[in-house]
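Colleague: I would like to go through the ligand site of this model. Please keep to what can be computed from the atoms.

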Amino acid sequence: MRRWFPGTSVGAWNDWRWQLRNRIVSPRLLAEMLALSPEERGALFAWNATDASGVPNPTSPLPVAITPYYASLIDPDDPEDPIRRSVVPVAAERDLFPGEDPDPLAEEHDMVVPGLVHRYPDRVLFLTTYSCAVYCRYCTRSRVVGKSQPRTTASGVSPAGHGHWDAAIAYIAAHTEVRDVLLSGGDPLTLPDTTLASLLERLRAIPHVEILRIGTKVPVVLPQRITPALLETIRRFHPVWMSIHVTHPREITPEMRAATALLADAGIPMGSQTVLLRGINDDVETMTRLNQALLTCRVRPYYLYQCDPVPGSAHFRTPVSRGLAIIEGLRGHTSGYAVPHFVIDAPGGGGKIPLLPQYVRSWNDDGLVLRNYRGQTCVYPDTPGRADTADRPRRARRLR
Ligand SMILES: *Cc1c(COP(=O)(O)O)cnc(C)c1O
């Protein structure tokens, strides 16, 4: 704050609107703030993610935007800094590989009305806005987020404005099987309180909607947004759950802790969603620290995602075996609450598929042969696996 925003008061710095207004979007400012590597320079200048005046260029794949607060967590001298790598582009973003797809989860295909993805039987994903406070370089929706201009998608209209909300709300109201509405985007917490309140109010008025969920990275990149007024807005519409996108233990700052404490005290159960990223968080030690720190923030690690094959993400992707090794290194070794579900969101739109290390060694006449987290073998006296006998107790066996 003192170095790059001289004259700014602490009050302004702690005002989320100031943080949003002063987001770092210009390559020139970024070049002054950070000792850019050739790879970063190549992405920011040769390829011009924002235009010369610092306005995001709608033709670039994904704009650059970093709140001053989040930028303050970056090591200016280390291009390998995990927070820096997740938000500062590198030239490798232009490298495309087989299997990559702008819409890897086929969300456009499952859009029942613009901005509403109905894939699972009882819940919907509502893309409320395509703006975020900060743009993560590995974004699964880089095809649409951060476009300053309304953009036409395969389904016709872009959720860049809010014109699509009426149709989405009408769809949810008409589909009584929808009991869970997940507000995502973009980031719904970039919306003003009044806009968010009216959206929550309209959804809460639908009798069959049991729970509302907000998917957001705001408590991590813009914790100043968690104001008493926002909390009052949300708590009027309980039960509201929140999924917070976290990446690295260094994100767990006093500011982030204060924000999650306020959210938890407002009765909002929180889960975390983390993308497994090469060289950023793909080791047991980092993931253990992250998940244990989240529990102290009253945030339950929910999903660990295998990185989606979006174009230009190869430098972030790890082999699936890394994720399995991390789960293996967590389960049993630390609180079960600190162990998320490791999932692949199926390319082509099959939904989230859980992956577990192989704990079943075999299934034989003695029962189920398992191994525990220490590698010790255990046998559970399982009943025969046939469906028609599965719920009957096993015939008594002669004691050996
Ligand atoms: C992830 C997702 C959900 C929510 O899934 P949960 O496993 O219930 O958290 C719902 N709809 C879509 C399209 C999703 O991608």
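Colleague: How far is an oxygen atom of the ligand from an N or O atom in the side chain of Tyr-303?

Modeller: This is a predicted model, in which local features need pLDDT of at least 70, side-chain atom pairs count only at pLDDT 80 or more, and totals for chains, interfaces and linings use all residues. Residues are numbered from 1 along each chain as its sequence is written, and side-chain values use heavy atoms, with hydrogens and water left out. A polar contact is a pair of N or O atoms within 3.5 Å. For the side chain of Tyr-303, the distance from an N or O atom to a ligand oxygen is 2.5 Å.

Colleague: How much of the ligand does the protein bury?

Modeller: Accessible areas come from the Shrake-Rupley method with a 1.4 Å probe. Alone, the ligand exposes 390 Å², and the part of this buried by the protein is 91%.

Colleague: Which strand gives the largest share of the shell around the ligand?

Modeller: Strands are DSSP runs (E, at least two residues), numbered from the N terminus. At least two shell residues each come from β2 (116-120), β3 (123-127) and β8 (299-305). The largest share, 3 residues, is that of β2.

Definitions and conventions: A polar contact is a pair of N or O atoms within 3.5 Å; within protein, one must be able to donate a hydrogen and the other to accept it, and residues adjacent in sequence count only if both atoms are side-chain atoms. Helices (H or I, at least four residues) and strands (E, at least two) are DSSP runs, numbered from the N terminus.
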